[in-house]
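Trainee: I want to learn how to read a structure like this one. Where do we begin?

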Amino acid sequence: MDNCKNESESETPFANAGLLSRMWFWWLNPLLKKGRKKTLEDEDIPMLRKADGAETCYLSFMEQLMKQKGRTKSSSPPSIFWAIYFCYWKEILISGFFALLKVLTLSAGPLFLSAFIEVAEGKEAFKHEGYVLAMSLFLTKCLESLSQRHWFFHSRIMGVRIRSLLSAANYKKQLRLSNTAKAMHSAGEIMNYVTVDAYSVGEFPYVLHQTWTTSLQICLGLLILVRALGFSALAALTVIVLTVLCNSPLAKLQHKFQTKLMVAQDKRLKAISEALGNMKVLKLYAWETHFKTVIEGLRSEECKWLSAVQLRKGYNTFLFWASPIIVSIATFGTCYFLRVPLNASNVFTFVATLRIVQTPVRSIPEVIGVIIHAKVSLKRIANFLAAPELQSAGNVGQKIRNNEELKHAIYIKSANLSWEENQLKPTLTSINLEVKPGEKVAICGEVGAGKSTLLAAILGEVPKMKGTVQVYGKIAYVSQTAWIQSGSIQENILFGCTMDKQRYQETLEKCSLVKDLEMLPFGDLTEIGEKGINLSGGQKQRIQLARALYQDADIYLMDDPFSAVDAQTAASLFNEYVMGALSGKTVLLVTHQVDFLPAFHSVLLMSDGKILRAANYHMLLASSQEFHDLVNAHKETAGSERLSKVVSAPRRCGNSTTETGKSCYEDLFKESVGCQLIKQEERETGDTGLKPYLQYLNQNKGFFYLSLSSLAQLIFMAGQIFQNYWMAANVQNPQREYQTSSARLQTPARCDGDERWKRKTAAGVETARGGAALLL
């Protein structure tokens, strides 16, 4: 209850915000106030809403995927795109409404400007029209800003949800991959699917509505230009159409190169992952130079495709940034040839509309790039999710219903299982096994007899070719090689479960970890390096045993867990852990230590992928010569001194041991002097001055490029200001209309020449400004 309460208190205020709070983003104020007072830490950031959580998004996605699979009668896999669409079609409509509202309010700006100019020229339609226009423009701009914020906000939420569900789907899929599929998709590639591809698809909702708002905004801008300049605006339409047509082949090439770039990136990441994961072997055999050459070659191939992608992206950017300039040149040139009069109303309306049109035109390359990335990434994820999976091995891991009496915890009947689905000879042949709830079964045999494969078959990891495999209850698996994640010892034992101090203390005692934790500088809060690099083999194995015990499963599958510990510790673990803590659990233990076998209800003797005998220790010893030879071989090498100790060893779980464990457990959390293996990242606060900027600019001709870009920006802004000033000074002045008309009657040729000069100068100024901006 306390955990639930804490989670509800730390949930984002957006979950319970009202209409006005959501509209004006007031729910962010507490976090902003806290950030103003102090530097924000991870604990200060509230939790996501339940609807935005990865679990909720994944379950909704899988539900839609199942519906898609039910609708399609063909054998082809369901469409991931449509499954995502049906999950979030409401959010798409809401964000689309805000996008439409933003485009309409933005396009109203030039119309208000034209009306203002007419009012300034004394052409008021009604009294106080100027005040009405000013208030309307203010409200329109407020609505434009608000709609744009909500458009981007809802799009970002949708993108985070899609990224979460795809990451969860990739994670769940890699747990079910068949052995054939695992050979096709390496660990590096799967990591790429989760990090790069899921991110690319998650970025697509941000530009989703730009695919149609761009066209709508351009069309509205052209309509405004037609209203202001007449048919001269058709020149702008022609330029835009030609620009889009020229971009089509470049977009196809960019899609092709992006696909090859992702393949090259997968190869490089796979090689780097293999090299880092086996660095000790590389050092031992002095293979560093060879692997360095291989990785550099893969990186060179990746850079080749990356360069091709960036060059095409540069061509796109140049083309679309040049189009607004060409539009203005073509429009003014058409006005000159058609002798369209240029006055304050149509000139400033044209300039304002052109700035509205050029924004979506210049964003087209970015939109195209995001779409191509998302399309390639979605195809890769779809191929991965459609990869072959392990066959469902009957009722593996089926939950036990309340008050349900089970005859068998594990039931295998005439089963043939093989790692390779099309293999002629199965790995396990004619397996028959019945294990009742609470029974302890030992599995022994020579190396390569199929003991570990049998446990994998019970887990559902080995494809079933024939027979029946049924497993009831929650399964905990302890592998032969300890699996340790980077983090503290406590995190490795809890493994996502909530902390129960009494249960946690008992787990440490049963796994003989109390003395080890006393020696560590931070107790169970000591950080473990990658793959448990700062722990011994026995410590890693006991932490793995503690993790399995803390999960409180129904069935425990243990693959020779005592091989990495000494004889005394193995005897202690067997009595305290297997026979004590797991007394009421179903246990299957693979072991080469025959000293433990008399304590089991049943012993399986395996050889060449078959179960030769299944009986208790004494019956098997009397009836099977193979088992007799196996026990004698062990006695000859290890001796039989431990046999009596293991079977008749007293339980060390009395009050004295418990009290000692409690006193030791209280000291585990006391922090000792020393440093953790993994240090927290240092972070400076306050004003750092100009030092970081100067260090950055000192690298690779930074000052030169800064000066060049500043000069280019200064010239560009000066050209913008000069253009506006020239237009304001040379358009027709209504106060001089009478003098202009009188002069026109007296010297018509001269006045016509002045008009032609203005139109020529307008086109020339726009051409010069556009060319300078394009070059810069």
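**Helices against a sheet**

Mentor: Begin with packing. This is a predicted model. Helix 15 (residues 451–459) lies across strand 3 (440–445), strand 5, strand 8, strand 9 (586–590) and strand 10 (602–607). Helix 15 runs at about 150° to strand 8.

Trainee: Which strands does helix 20 lie across?

Mentor: Helix 20 (residues 567–581) lies across strand 3, strand 8 and strand 9. Its angle to strand 8 is about 155°.

Trainee: Now the sheet itself. What is the order of its strands?

Mentor: Read a sheet by strand order, then by pairing. Here six strands form an open sheet, ordered 5-8-9-3-10-11. The pairing is mixed.

Trainee: Which strands stand at the edges?

Mentor: Look for strands with a single partner. Strand 5 (475–478) and strand 11 (610–615) each have just one partner strand, so one side of each lacks a neighbour in the sheet. On average, neighbouring strands of this sheet are turned by 15° against each other, direction ignored.

Trainee: How many bridges join strand 5 to strand 8?

Mentor: Four bridges join them, and the two strands run parallel. Strand 8 covers residues 555–559.

Trainee: Take Tyr-85. Where is its place, and how does Tyr-85 count by accessibility?

Mentor: Tyr-85 sits in helix 5. Its relative accessibility is 32%. Buried means under 20% and exposed means over 50%. Tyr-85 therefore counts as partly exposed.

Trainee: Now zoom out. What share of the chain's residues count as buried?

Mentor: Of 776 residues, 42% count as buried. The chain exposes about 44000 Å², and carbon and sulfur atoms supply 59% of that area.

Trainee: How many helices and strands does the secondary structure come to?

Mentor: There are 28 helices and 11 strands.

Trainee: And contacts along the sequence?

Mentor: Sort contacts by sequence separation. Take those between residues at least 6 apart in sequence: 79% of them join residues at least 24 apart.

Notes:
Residues numbered from 1 in each chain as written. Predicted model: local features only at pLDDT ≥ 70, side-chain atom pairs only at ≥ 80, totals over all residues. Heavy atoms only, no water. Buried < 20%, exposed > 50% of the residue type's maximum accessible area, 1.4 Å probe, protein only. Contact = heavy atoms within 4.5 Å. Areas by Shrake-Rupley, 256 points an atom, 1.4 Å probe, with all protein chains shown as cover. Pairing = 2+ DSSP bridges. Axes fitted to C-alpha atoms, helices over the stretch in contact; angles between N-to-C directions.
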